[in-house]
Amino acid sequence: MHPIVVLSLLLGSAAAASPAPAWTFVQNGTTGIVAIETIVVSRTLAITFDRAQGDPLQLNGHGAWGALWNFDTNTASPLSLVSDSFCGSGGFLSNGTMVSVGGNKVENPDIEPDTDGRMLLRLFEPCTDPTGAGCTIFENPATHHLTTTRWYPSSLRIFDGSLMVIGGIRDTTSFYNNISFAVNSFEFFPPKDGGLARPSPFLERSLPANLFPRGFALPNGQVLIIANNLTIIYDVETHIETALPSVPNGVRITNPFDGTATLLPLSPPSYEPEILVCGGSAVSDSIPSLQLSSQDPASDQCSRISVTPEGIKKGWVVEHMPQGRIMPEMILLPDGRVLIVNGGATGYAALSSVANAVDGQSNADNPVFQPVIYDPKAPLGKRFSSEGMPPTDIARLYHSTATLTPSGNIFIAGSNPNQNPFIVNNTRLHTEFRVEYLNPPYMNVPRPSLHDMPSTLPFNHAVTVPISIPSGLKDDNIQVALIDLGFSTHAFHSSARLVFLPASLEHDHAMLTFTTPPNNRVYPPGPGWIFVTVDGVTSVGAHVLVGDGRAPPVQDQGIPLM
């Protein structure tokens, strides 16, 4: 055979054998502080919070406990904080201001100059500098504070653009919420009701395993809350709590039995809400923590409920992950699937409080290294898959976080199941500063791109923008998603939300027209990211402010659902 023919055949075989783009883990950079809390604040920046306990990232001669992570440079720069943000929560207001709520009492004032953070608020205004230069956290204990001290609360942006703060505990606890210190109430920022907290019989019933409740803003403006294994719908306007079916089989999903939960993607025209909860533990909350073990198996149960009259009557539908997980994270992907990462196969959340804590510190063990994809549209029994998902070699247990980034990949950081000392370097489950990105296959191929996206989008409004679609993609298969990336901490993304938008291509498929959410209850007013997915390939996100951009509380906008 002629040599040129042989060479051509060899080249053809090599091309045919080229592997398709795949999911990949990439390590890149270190956070400098333990990323216990993470929220994306711009295309290039995320804020991470820790506790004032001697992190290596330095500020003014002491360890920092707040930082800006730069996605472009994969480096961290310290943020100056007044109060201790440890184990607080947070989210965005309707005007784009990020608010961090609650935290911890003073820990080491001789080493790091923190003040009591349990009642305090930390504000970060929209930052336009891509490096974060000149962007700071604002704190004023005299004027910006909660009604009561809250450690381990949750938060949620609601229909008027304000932040609802849910539950918590007044003082520290080693494991369960202490009935003497439990904060069984809701409050808001900016304050409602003259600044008074609203008592919650539901939170009282859900003791003692009800820290970091899981709250979701429903498309009608009401709020669904899960604490322990109990569920309610709370009407913010009438103050009425309505009980829903409990999570089945005694599985508990809030701290210290942390499972995870998410509002599944909302789709037009009905925007019917469904809640998915996964992992946690089926162990009784009446067992003292010292009778529990770091080797107790986590639950593999996932439960899903449609929040409609028919769905509530039907109750939770049970399915199962490939394996149990305590402290997993669920991340909404732009194509509507759900990524499950992090967590352990055995044990519990919290620290040094079970009989055989690992190295005397971690209540959990047996890290789960392989992510799982959940497809909400697949038939029951076929929704989970780990096919093509790479394993990591970094344990992500207590105090780890993860979030979708504006680039479309997943930022994963943190893990520190340690205290006394807080920073531990020589144990199996050591303090973790390394950052990983989990890259979907589309990160390695030509991607669609959006251009000239308006910075502010009214509700119920048709928007037309230029779009570039790489050749070879079937553009009859297009999805436009508006996503709130959420505030990640303690196995939960507060305010995370995905709303699919009606969309079509025009002018030789060079222009994209989509319609924004019908009103401020389908998507609470505030920041978001527009992603377009064409033939399974997702664009970089475009940052937008949805609504009129005013500070809360705002009036209803758009049109009501039919």
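Predicted model: local features only at pLDDT ≥ 70, side-chain atom pairs only at ≥ 80, totals over all residues.
Residues are numbered from 1 along each chain as its sequence is written, and side-chain values use heavy atoms, with hydrogens and water left out.

So what do Cys278 and Cys302 form? They make a disulfide, with sulfur atoms 2.0 Å apart; the term covers a pair of cysteine sulfur atoms within 2.5 Å. Cys278 sits in strand S20 (residues 274-279) and Cys302 in strand S21 (residues 301-306), so the bond ties together parts that are 24 residues apart in sequence. With 120° about the S-S bond, this link is right-handed.

## The other disulfide

The structure holds 2 disulfides, and Cys127 with Cys135 makes up another pair (S to S 2.0 Å). The link of Cys127 and Cys135 is right-handed, with 75° about the S-S bond. Are these cysteines buried or exposed? Cys127 is buried at 10% relative accessible area, and Cys135 counts as buried at 18%.

Number the bonded cysteines of the chain in sequence order and the pairing reads 1-2, 3-4. Cys87 also counts as buried, at 0% relative accessibility.

## The whole chain

How many helices and strands are in the chain? There are 3 helices and 43 strands. These are DSSP runs, numbered from the N terminus: helices are H or I with at least four residues, and strands are E with at least two. The radius of gyration is 23 Å, close to the 24 Å that the globule rule gives for 562 residues, so the chain is as compact as a globular protein of that length. (That radius is taken over C-alpha atoms, and the globule rule is 2.2 Å times the number of residues to the power 0.38.)

Along its principal axes, the C-alpha trace spans about 85 × 55 × 55 Å. Of the 562 residues, 61% count as buried. Take the contacts (heavy atoms within 4.5 Å) between residues at least 6 apart in sequence: 65% of them join residues at least 24 apart.

## The largest pocket

Cys127 turns up again here: along with Val41, Ser42, Pro126 and His543, it lies nearest the centre of the largest pocket, which is lined by 23 residues. Strand S41 (526-534) and strand S43 (542-546) are the elements giving two or more residues to that lining. The largest share, 4 residues, comes from S43.

By class, the pocket lining has 12 nonpolar, 8 polar and 3 charged residues. Ala, Val, Leu, Ile, Met, Phe, Trp, Tyr, Cys and Pro count as nonpolar, Asp, Glu, Lys and Arg as charged, and the others, Gly among them, as polar.

## The largest cavity

What lines the largest cavity? It has 14 lining residues, of which Met330, Leu332, Leu485, His493 and Ala496 lie nearest its centre. A pocket and a cavity are both found on a 1 Å grid over the protein atoms alone: a cavity is a set of points where a 1.4 Å probe fits but cannot get out, a pocket is an open set with protein on both sides within 12 Å along at least five of seven lines, and lining residues have an atom within 4 Å of a point. By class, this cavity's lining has 11 nonpolar, 2 polar and 1 charged residues.

Note on methods. Buried < 20%, exposed > 50% of the residue type's maximum accessible area, 1.4 Å probe, protein only.
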